[in-house]
Amino acid sequence: MKRMKEGRPQKRINPMDRLSPGDRVVSVITYIVYAFFAFVCAYPFYYIIINSISANNLSERGKVLFWPMEVHFKNYSRMVNIPGLLDAAKISVLRTLVGTALTVLTASFLGYMFTRETMWKRKLWFRFVAVTMYFNAGIIPWVICMRNLGLNNNFWGYIFPMVVQPFYIILCKTYCESLPRELQDAAEIDGAGTLRLFLSIILPVIKPILATIAIFAAVNQWNAFQDNLLLMPNRPELNTLQYKLYQYISQANSLKALVSNTTNSNAVMAGLATAATATSIRMSVTVVVVLPVMLIYPFFQRFFTKGIMIGAVKG
Amino acid sequence: MRMNPKKAQAIREFLYILPFLILVALMSYYPLYGWVYAFHDYMPPKPISSETYVGLKWFQFIVSNPVRAADVWRVLVNTFAMSGISLAFSWFPMIFAVFLNEIRCKPYQKFVQTVTTLPNFISWVLVYSVAFNVLSSTGAVNSVLTSLGLIDKPIAFLNSKEHIWFKMWLWLTWKNAGWAAIMYLAAISAIDEQMIEAAKVDGATRMQIILRITIPCILPTYFVIVMLNIANFLSNGMEQYYVFQNNFNRKTIEVLDLYVYNIATSGRGNYPLSTAISMLKSVVSVALLFITNTVSRLVRGEGFV
């Protein structure tokens, strides 16, 4: 990267320039190996997409490998009729929106408040929050306590446990500390209170870091599966898309296992018939669940380095 | 009585964050109270009381009951094996980043980086869905192998217990390696360009530059990753293993985090035993964190906590 900036960008360097024959061999191998890695990461997604729009009888038998065959979009239109799927989509979208908004607001507010040296016992409260990164009680004690709080079988069980995220708070705090002091001083002399300062001075200038946090929080909410599994056993209408998808696959898998283990031909036929309709639908659901992440992916790529620093900052 | 304005502001600012502190107390500290269930004969929905108190019964149960002890041993072996494989191959993302950085065609480099990072942002459920679609008996891999005549009947990649530890590492790497490499790429771009130029002037080959400059410069980053890996040795998380588990591989895929879930949810559900095991796990994990942090402080002069 640096070389590109500092060097003479106009002059094109031949990639093979100044390479010994041995280095050239290494170069070629490197290109091929990375092509393989890229293929391994990208092809499964491509495979699922082309299968979801190909003729179902072909995709069931694994005939669609390189390009879509006999393209149709019925699988997608049929998805609307699957009971519970639309509800699950609504829950997933809702928890992503509400959860992200609350997480971002909390991170920005607490991140800012923890820079207020005037606050009573500021350092103590900061440590009280930050240290929660390093321990957890274990899932079962956690589930029992969430039940005691009434967060099981309750939509807010998706939201409240994820609102206060120490990582994000530390990130905001560090960002606020890097802002020039004068920014706040001037407003304070004019008589602005703490909340006023936060809303009109701080919030507008920390937008870049909030965008980073929002994207990571949203991806986390969208991908969350464990809280659904642990907290919502009795309210199927609260199931998320991730959970529904898991159910489809595990059902399909048990059917496949049944088919390969049984000698009863009727059961084989019945199993095959059911599994067959499931294959194409399952792939379409997979595409729908993965699509939002893929769509925002190009936009949040530039936040990557910042995002990984979220995991590396010190408290 | 009037407070002086400074003190009033100090208290007011505290009151602003008080609701959030209460939330943290409820969501992160209160679950620690759940550990008391390890000392009771707890069967939901009946609440615990002084009558249900059984002391250390469940902790003793882990070792005294031979079937259970064998089970815990099996789970520990699985946990150590999977974490051990991860630790043994933890250099992979670093080497991945080093050679990716050597690619001179920048668009290609960018492309590889983009594509290999994508799996990091999908959930384990989706990874499983991808795995199922590609590796099932009618999936892409089996289709290709069959049509090439290399196999006559489909290989059960997912419904078998063969090499499950290694397969789990492969999926973990598939998901995380590209993302982990970004950190190393950031570290590489921070290397002083003059050092590399000087080495080139002295006639160093690319391999020499990699071995003598690039890798030594990013070793501190790698060291931190290794320490974090050790600190999380017992915590593989349960999601990956939960979605990949089935009747064929259950015995070898169960890691501690999944085990505590399974014993609490399968059959009648043993909450106290599960709590006792996760309590022990938490204590060991915190100890590991302290140890690795101390090691890091001794070696690097600063800890990571």
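Predicted model: local features only at pLDDT ≥ 70, side-chain atom pairs only at ≥ 80, totals over all residues.
Residues are numbered from 1 along each chain as its sequence is written, with chains lettered from A and ligands numbered from 1 in the order in which they are written.

Back to α7(A): the helix spans residues 139-148 and is mostly covered, with eight of its 10 residues buried. Helices here are DSSP runs of H or I with at least four residues, strands are runs of E with at least two, and both are numbered from the N terminus. After the helix comes A:Gly150, with a positive phi near 80°.

Helix α9 of chain B (residues 193-201) is another matter: of its nine residues, the number buried is zero, so it lies largely in the open. Just after α9(B), B:Gly203 has a positive phi too, about 85°.

As for chain B overall, there are 14 helices and zero strands. Its radius of gyration, taken over C-alpha atoms, is 25 Å, well over the 19 Å that the globule rule gives for 305 residues, so chain B is more spread out than a compact globule; the rule itself is 2.2 Å times the number of residues to the power 0.38. Along the principal axes, the C-alpha atoms of chain B fill a box of roughly 80 × 80 × 35 Å. Buried residues account for 33% of the 305 in chain B. Taking contacts in chain B between residues at least 6 apart in sequence, 66% join residues at least 24 apart; a contact means C-beta atoms, placed from the backbone, within 7 Å.

Between the chains, 69 residues of chain A are in contact with 80 residues of chain B. The biggest giver on the chain A side is α2(A), with 12 residues. By class, that side has 47 nonpolar, 15 polar and seven charged residues, counting Ala, Val, Leu, Ile, Met, Phe, Trp, Tyr, Cys and Pro as nonpolar, Asp, Glu, Lys and Arg as charged, and the others, Gly among them, as polar.

From α2(A) the contact takes A:Tyr34, A:Phe37, A:Ala38, A:Cys41 and A:Ala42, and from α5(B) it takes B:Phe111, B:Val112, B:Val115 and B:Thr116. That makes eight nonpolar, one polar and no charged residues.

Within chain A, the domain assignment, which is automatic or from a database, gives domain 1 (21-72) and domain 2 (78-315). Eight residues from each of these domains of chain A make the contact. On the domain 1 side, α2 (21-52) and α3 (56-60) of chain A each supply at least two residues, and α2(A) gives the most, with five.

Methods. Contact = placed C-beta atoms within 7 Å. Buried ≥ 20, exposed ≤ 12 C-beta atoms within 10 Å, placed from the backbone.
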